[in-house]
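This report describes selected features of one protein structure. The sequence and the model are shown first, and the sections that follow take up one topic each.

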Amino acid sequence: MRRRSRLAFAACAVAAGLTLAACSSGGGTSSTGSSSGSSASGSNAAFNAGVTKVVNPSTKKGGTLTFALSSTPDSFDPGNTYYAWTFDMTRLWATPLVTYKSCPGACGNTLVPGIATSLGTVSDNGLVWTYHLKPGLKFEDGTPVTSADVKYAVERTYDRSVLANGPTYFSVLLANPKYPGPYKDKTGNQTSITTPDASTIQFHLQSPFPDFNYVASLPQTAPVPQSKDTGSNYQLHPLSTGPYMFQSYQVNKQATLVPNPNWTPNEDPQVSQLASKVVINLNVNAADLDNRLLAGDVDIDAQGIGVQAATRAKILSNPSLEKDADASPGNREWFTYINTKVAPLNNVACRQAVEYAANKTDLQTAWGGPYAGGQIATTLLLPGMGGYTSFDQYNAKTDPTGDLTAAKAALAKCGHPTGFTVGASYRSDRPAEVAAVQALQAALARVGIQLQLHGYPSGTYYTDFAGAPNYVHQHNLGVLMGGWSPDWPDGYGMMDELINGNTIAPSGNTNIGELNDPTINGLFAQAANPSITDAQRNAIYGEIDKDAMAQAVILPNVYATNLLYRNPAVTNVYTMTPFGMYNYGVMGVSS
């Protein structure tokens, strides 16, 4: 669920398209602002300034920082979340072993220690990764953090019946993939994670995996004390190891965070403790949220996917608003999953008919247009990512309104020359996604493919609906709207959870197309070989991209660009490249 470094260039192209200030190439200041605590709001504000530098740098403490979003989190439990915005937000209360450097642009893709003293070291055979914890780490209640707390935090994520969300990398990569988790196994004898002493943790892999430091950066490695774990209810008050802790949390309504008295900047210098309080308002109507954002009643839209269409027009036509906005590379692709198990889409030619018939221009418009929504996408890999090559298998760019001739030929090949009817799911609390699925419905109807639309809430979309294969099959959901930010900035981080057969899960499933292709699975295994070069690995990722597109399991919509608005009173604002949105871990307020 993450992103990539070539995005600064993309943002400049966006800025040029919008005819406003060009991107600055200046590196800006450090994440917390090296300038003296300026309290003037928007001290260096300009359109797109936050893409490449820190806007309004300040070390001023105090005030309330207010976030809002139009939906809900899948969970605030760092071990049970898989939305990009919650990955970003959890940095306020959960520090993993490894994290990303807080700085604008490509610099933000740099891995640095979190609660570990350094990045992990790997054994000669590539099978054991070792991390050492920083001394003096404490939970919010003053209890010392030990390696056993990290071990337990990872182990609890194995039990998808309790923690249904979150990545599956640990259960797939580590040496005991059938381990049921500590809720079911009370012996504590699971041996794929060992703790030689209170400050050392070792991960034992089934086979070498060169990207393991990226896995260690997931919030799942943030410590959890077993004695305080309440399973699925742990999200109500996850015990903090970050700069803030939960004061209160009303599910689906509001979370309030206050400074953690047992945290110091030495524990994680990539985040800050500037605001006196952080408020996260949930389930705010999208249009109302935008109005409150422009009025200064809300500081930042936590979801990080940009303002609504009417608000975009208002911002881009008003210079006084525009200077506080960024056309930020979203480090995300919006797309449509096509399920390989729901008939007649279990026939590849029927899936290819969907690819050909889609009106890419209308989809682009639904997501916000070429500048505030994104450029038409034709691949799974993001432009600039290692292994990316530009190809257009379904004529999305040469015939962007849809190749109906090719679509009809594919329908004839799959035995449905007049079309078919199938269900389509989408998140009903995301207006752009609603518009996109309606645009797709209209486009496919031109060749007789009828979509029956089913809307679901974002907070449970991947847990109970699109990410639950049994539900998908029972409700004939063959076409499912979604999007993806790469879990880390390479081809594995972008594609593995989407199309590798070993990631299919009964709940919180991320391989929503349920593709289980031996060739593609084998290519992922080849890319994990530590003896090959980066160039060879990237070539494999490029091959996977082309093979997956040939299988027509995902219909790319756009490479996302988000028009973000920042309250001019917010300090230390800039786009955090790995998350594709602002860096929530360093913000403060000037008044």
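## Buried face of helix 8

In this predicted model, helix 8 spans residues 309-316, and Thr311, Arg312 and Ile315 are buried within it. Viewed down the axis of helix 8, the buried residues fall within an arc of 105°, so they line one face of the helix. An α-helix has 3.6 residues a turn, so residues three or four places apart point the same way.

The cover over the buried residues of helix 8 includes several helices, among them helix 7 (286-295), helix 9 (319-322), helix 11 (360-367) and helix 12 (369-372). Strand 12 (325-338) and strand 17 (554-565) also belong to what covers these residues.

Four strands form an open sheet in the order 4-5-7-6, and their pairing is antiparallel. At the edges stand strand 4 (121-122) and strand 6 (193-197), each of which pairs on one side only. Strand 5 (residues 128-132) and strand 7 (residues 200-204) run antiparallel and are joined by five bridges. Across this pairing, Tyr131 stands opposite Ile201 in strand 7.

Helix 4 (residues 147-156) packs on the sheet, where it touches strand 6 and strand 7. The direction of helix 4 makes about 175° with that of strand 6.

## Aromatic pairs

The count of aromatic pairs comes to 32. One of them is formed by Phe246 and Tyr249, a tilted pair with 6.1 Å from centre to centre and 50° between the planes. Both partners are on the buried side of the 20% cut-off: Phe246 has 3% relative accessibility, and Tyr249 has a relative accessible area of 13%.

A further pair is that of Tyr456 and Tyr471, whose ring centres lie 5.8 Å apart with the planes at 80°, so the pair is edge-to-face. This pair links distant parts of the chain, 15 residues apart: Tyr456 is in strand 15 (residues 449-456) and Tyr471 in helix 16 (residues 469-474). Both tyrosines, Tyr456 and Tyr471, are buried.

## Disulfides

Two disulfides are present in the structure. With bonded cysteines counted along the chain, the pattern is 1-2, 3-4. Cys103 is joined to Cys107 with an S to S distance of 1.9 Å. The torsion about this S-S bond is about -95°, so the disulfide of Cys103 and Cys107 is left-handed. Cys103 is buried at a relative accessible area of 7%, whereas Cys107 is partly exposed at 29% relative accessibility.

The sulfur atoms of Cys350 and Cys414 are 2.0 Å apart in the other disulfide. About its S-S bond the torsion is about 80°, so the disulfide of Cys350 and Cys414 is right-handed. Cys350 lies in helix 10 (residues 348-357) and Cys414 in the loop between helix 13 (404-413) and strand 14 (420-427), so the bond ties together parts that are 64 residues apart in sequence. Both cysteines are buried: Cys350 has a relative accessible area of 0%, and Cys414 has 9% relative accessibility.

## Asn48

Asn48 is placed in the loop between helix 1 (7-17) and helix 2 (49-52). With a relative accessible area of 1%, Asn48 is buried. Asn48 and Ala535 are 487 residues apart in sequence, and their C-alpha atoms are 33 Å apart in space.

Technical notes
Residues are numbered from 1 along each chain as its sequence is written. This is a predicted model: local features need pLDDT of at least 70, side-chain atom pairs count only at pLDDT 80 or more; totals for chains, interfaces and linings use all residues. Side-chain values use heavy atoms; hydrogens and water are left out. Two strands pair if DSSP finds at least two bridges between them. Helices (H or I, at least four residues) and strands (E, at least two) are DSSP runs, numbered from the N terminus. Contact means heavy atoms within 4.5 Å. Axes are lines fitted to C-alpha atoms, for helices over the stretch in contact, and angles run from 0 to 180 degrees between N-to-C directions. Buried means under 20% relative accessible area, exposed over 50%, partly exposed in between (1.4 Å probe, protein chains only). The arc is that of the directions from the helix axis to the C-beta atoms. Rings of Phe, Tyr and Trp (its six-membered ring) pair if their centres lie within 6.5 Å; planes under 30 degrees apart count as stacked, over 60 as edge-to-face and the rest as tilted. A disulfide is a pair of cysteine sulfur atoms within 2.5 Å.
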